[in-house]
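This report goes through one protein model, from overall content down to single residues. The sequence and structure come first, and the notes follow.

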Amino acid sequence: MFSRLTALVSGTSLPFDLGEEFARSSGFGSWQHFRGTLRADGSAVSVFRLAAPGKGDARLEAGRHGVKRLRTLRHPNVLVFKDSLEVEERGETVLYLVTEQVTPLSEVLAGMRGTDREQYLCMGLSEVVSALSFLANDAGLVHGAVSMGAVAVTQSLDWKLHGFDVLSEHQFASQYDLPLTAADWLVPAQYKPGEVAKRDWQAVKDGPAWAVDAWGLGCLMQEVYSGQPLARTEDLRNTDHIPKELLQYYQRLLASQPARRLNPKQLLEAGVLKNRLAEATSFLENLALKDSMEKDTFFKKLPSLLPSIPTPVAQRKLLPMLANAIEFGGAPPVALTTLLEIGKTLPEEDYAKQVVPILTKLFASNDRGIRRGLLENITTYGPHLPDKVVEEQIYNHVAAGFSDGNPYLRELTLKSLAVLGPKLSQKTLNQSLLKHLAKLQVDEEASIRANTTVLLGNLASHLSEATCKKVLLNAFTRALRDGFPPARVAGLKATVATAKYHSPEDAATRILPAVGPLCVDAVHEVRASALTCLEHFTKQLKAHHAELEKKAAAMAATEAAIGQGSGGAAAPGANGGGSLLNSFGWAASSLGLGRGAGSVAAPSDAGAKPAAAAAVTAAATPAGATTAPTQRRDNSAPAAAAAASNGWDEDDDLFEDMADSGAAEREARQRLSKVGVGSSRLGVTRPTASAAAAAAAPSPRVGSNDGWGDDFEDLDAPAAATAAPARPAPPAGPGSRRPLGARPVGTRAAGSTSSVGSGSAAAGRKPGGGMKLGAGRLGAAKLQADADFDNW
């Protein structure tokens with residue numbers, strides 16, 4: 001990935017960008033430590049810089065030796081080499097060393113306190129001891145400059161050994177070529193063991209390979225536990241900060257005789273640096289060597305170990321290790337729980353960078369155990385998932401669970417959409433999710449059907465209004481017919497929760513009829529929910545009714561104001577409250593009461609139509625319904641008589657004759673007997689000339705005090721009126737028959753008259769077209785009319 005950079009280049013063509021520099025005191029020797037970014041791929045790295053006035057400078061030579069050694073060393077606890085570069089800058093020779101991104105140990109420890117710090121120190125020291133054991137026991141090398149400055153910390157909080165400028169072979173051939181001789185001026189005096197301080201190189205060669213570095217390890221322990229750099233050699237005698245379990249090993253590391261110093265390997269084998277954190281990290285590092293039983297046991301105990309593990313270590317070390325183990329199949333699905341628990345402690349930005357990519361990869365796994373773990377913990381990480389990631393990378397994998405053969409996985413998939421659904425686009429919701437939910441609402445598992453209704457109610461606010469009106473009520477009313485009581489309860493509660501999407505028409509025609517039977521359901525919860533639903537939508541319908549009444553009153557008031565402004569006279573009872581007749585005028589008009597309302601006005605106002613009464617009538621009449629009164633018998637009637645009806649009189653009303661008084665009926669019967677009405681089959685008496693003239697005269701309808709019009713005042717002619725109500729005309733169909741001499745309704749033009757010799761029976765009929773009854777039927781008809789009138 002990284003090309004070898006050995007050519008001399010100018011400073012402007014460096015393959016990396018230098019960032020912030022760390023404190024000089026935290027570095028090793030003369031090296032400067034910078035944050036850096038590679039231009040090739042933008043990855044973060046650490047850049048160490050060493051400048052010297054000339055190419056032959058001793059510091060530069062030691063630096064070149066350290067870079068060479070670092071390039072050839074490979075160990076988990078040794079800093080990873082990436083590249084090196086030597087350039088000329090402003091008259092100086094500068095050596096650049098590019099490594100993995102690390103931070104000086106002193107800066108990492110500055111942010112830790114208490115128990116977290118002690119556990120972390122044990123873990124870190126064990127890693128350094130492992131590296132020193134490798135150098136001395138396996139490679140036969142002497143580091144020669146072990147201190148806090150020679151240790152760096154990675155992003156996963158691992159301790160890495162570096163600073164190999166004086167790294168030497170233990171069994172060197174000649175002391176003149178020994179790099180360790182540079183320790184005279186490169187390594188501070190407090191870190192030098194006695195043999196090195198005296199320049200006794202033969203004693204170094206004769207002693208154990210770990211002798212020099214064992215002393216340095218003791219110095220490192222003093223620094224990390226005291227929290228301060230070692231200032232002088234005498235400070236090594238201060239053991240107040242050293243843990244009691246480490247004290248004897250610490251003293252053996254600092255023995256004055258090289259042969260008596262403790263081998264780092266023995267320190268590892270003693271187990272004094274082991275704790276829960278070290279054990280957990282060690283197990284994860286060697287996970288590939290563990291069997292399935294060991295893995296299951298470890299990961300079941302791991303959640304209980306988290307409280308004792310430092311939070312930074314769990315976030316930066318355990319989390320990546322768990323992710324890799326789960327992704328590549330090394331860890332069982334139960335490990336996902338621990339991963340998500342650690343993710344809860346991360347800031348939002350770090351969560352998006354570290355956890356979300358891991359979860360996205362895990363959703364693509366075909367392992368049912370991993371999918372189950374993801375769905376069971378969806379509420380933990382779901383809110384942190386970006387909408388775009390859910391839409392493009394996660395939903396398709398989740399949707400596969402809708403058709404899974406395992407009912408538990410289908411139900412988990414359904415419940416997960418309560419968290420993921422709001423993050424989906426309208427296209428995905430309408431074209432994919434709703435189709436799956438329609439199938440799940442008829443699933444064989446009752447709990448899945450009930451939860452589908454619950455999910456629809458929760459997602460209603462995220463659907464478009466058109467989709468809500470099209471889908472919700474159909475789905476909820478289907479749930480009301482479900483045999484599973486919780487499904488019916490879910491349908492009732494979801495209907496109430498989404499009430500704003502249901503119109504008053506839907507409430508009246510669909511919801512109330514469907515909910516009504518559930519009010520007597522055998523299950524208490526269903527009955528209670530049904531009654532609550534009825535109460536809610538009843539209030540909604542009452543509010544709708546009040547709103548319509550308010551609009552009608554406003555319209556009536558507006559029209560009344562317009563009528564008064566034009567100079568029209570208002571009828572009594574048409575004021576703000578309105579009379580009972582005006583309030584229910586539309587219903588009363590079908591009963592023939594409209595005629596009396598007009599006759600209440602004084603004779604002097606007969607020619608003016610009350611504007612207020614007309615406005616109330618118009619407001620109470622449904623849209624599109626109009627009242628078209630029929631033409632009267634004579635067009636020559638005065639206009640005042642026509643206006644006095646107030647738009648209510650219907651001459652062809654079936655109940656008109658029932659409004660006449662009993663005395664008028666008896667008088668009519670007597671007059672009919674005088675003109676010789678017989679019980680002929682035709683039931684028609686030929687009118688005389690005087691009867692025709694009387695029929696042409698208008699009947700007075702103004703001035704009555706009882707509000708009822710009297711059409712029987714002039715009964716000299718036998719054909720003027722009938723004593724029985726007019727018979728409705730039969731329907732004009734091919735199979736219907738009409739009595740002899742009868743004519744269909746409305747065949748005679750209004751206002752026409754009949755002469756005596758014309759032989760027509762039209763003069764004996766009312767405007768509605770019904771014929772007069774014969775004398776044989778008059779008695780029975782009269783009795784029926786009297787009974788109908790009394791009942792009414």
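## Basis and terms

A residue is called buried when its relative accessible area is under 20%, exposed when it is over 50%, and partly exposed in between, using a 1.4 Å probe and protein chains only. By that rule Thr 452, at 0% relative accessibility, is buried.

The model is predicted: local features need pLDDT of at least 70, side-chain atom pairs count only at pLDDT 80 or more, and totals for chains, interfaces and linings use all residues. Residues are numbered from 1 along each chain as its sequence is written, and side-chain values use heavy atoms, with hydrogens and water left out.

## Overall content

The protein has 33 helices and ten strands. These are DSSP runs numbered from the N terminus: helices are H or I of at least four residues, and strands are E of at least two. Of the 792 residues in the protein, 45% are buried.

Contact here means heavy atoms within 4.5 Å. Among contacts in the protein with a separation of 6 or more, 67% join residues 24 or more positions apart. The accessible surface comes to about 39300 Å², and 53% of it belongs to carbon and sulfur atoms. Accessible areas come from the Shrake-Rupley method with a 1.4 Å probe; for residues, only the protein chains shown count as cover.

## Nonpolar cores

In soluble globular proteins, nonpolar side chains tend to be buried together. A nonpolar core is a set of buried Ala, Val, Leu, Ile, Met, Phe, Trp, Tyr and Cys residues joined through side-chain atoms within 4.5 Å. The largest one has 145 residues, and those with the most contacts inside it are Tyr 120, Trp 159, Val 224 and Leu 339. Helix H3 (residues 114–138) supplies the largest share of this core, ten residues.

Beyond its neighbours within four places in sequence, Val 224 is in contact with Leu 105, Leu 109, Arg 117, Leu 121, Leu 125, Met 148 and Trp 159. Another core, of 14 residues, lies apart from the largest one; Ala 507, Val 515, Val 526 and Phe 537 are among its members.

## Cavities

Rolling a probe the size of a water molecule over the atoms shows where empty space is left. On a 1 Å grid over the protein atoms alone, a cavity is a set of points where a 1.4 Å probe fits but cannot get out, and its lining residues have an atom within 4 Å of a point. Grid points are joined across faces, edges and corners, and a volume is the space filled by probe spheres set on the points. The count comes to seven cavities of 30 Å³ or more.

The largest cavity holds about 110 Å³ of space. Its lining includes Phe 28, Trp 31, Phe 48, His 162 and Asp 165. Helix H1 (residues 58–72) gives the most to this lining, with three residues. By class, the lining has eight nonpolar, three polar and one charged residues. Ala, Val, Leu, Ile, Met, Phe, Trp, Tyr, Cys and Pro count as nonpolar, Asp, Glu, Lys and Arg as charged, and the others, Gly among them, as polar.

## Buried helix residues

Thr 452 sits in helix H21 (residues 446–459). Not counting residues up to four places away in sequence, Thr 452 touches Leu 414, Leu 437, Leu 440 and Gln 441. Ala 475 belongs to helix H22 (residues 465–480) and is buried at a relative accessible area of 7%.

Leu 375, in helix H16 (residues 368–376), is buried at 4% relative accessibility. Leu 375 and Thr 413 are 38 residues apart in sequence, with 6.6 Å between their C-alpha atoms. Gln 315 lies in helix H12 (residues 311–327) and counts as buried at 13% relative accessibility.

## Positive phi in loops

Most residues other than glycine have a negative phi, and most peptide bonds are trans. Arg 90 has a positive phi of about 55°. Arg 90 is in the loop between strand E4 (81–89) and strand E5 (92–100) and is exposed, with a relative accessible area of 87%.

Arg 199 also has a positive phi, near 60°. Its place is the loop between helix H5 (194–197) and helix H6 (201–206). With a relative accessible area of 43%, Arg 199 is partly exposed.

Key:
1 Å grid on protein atoms, 1.4 Å probe; cavity = no way out; pocket = protein on both sides within 12 Å on 5 of 7 lines; lining within 4 Å.
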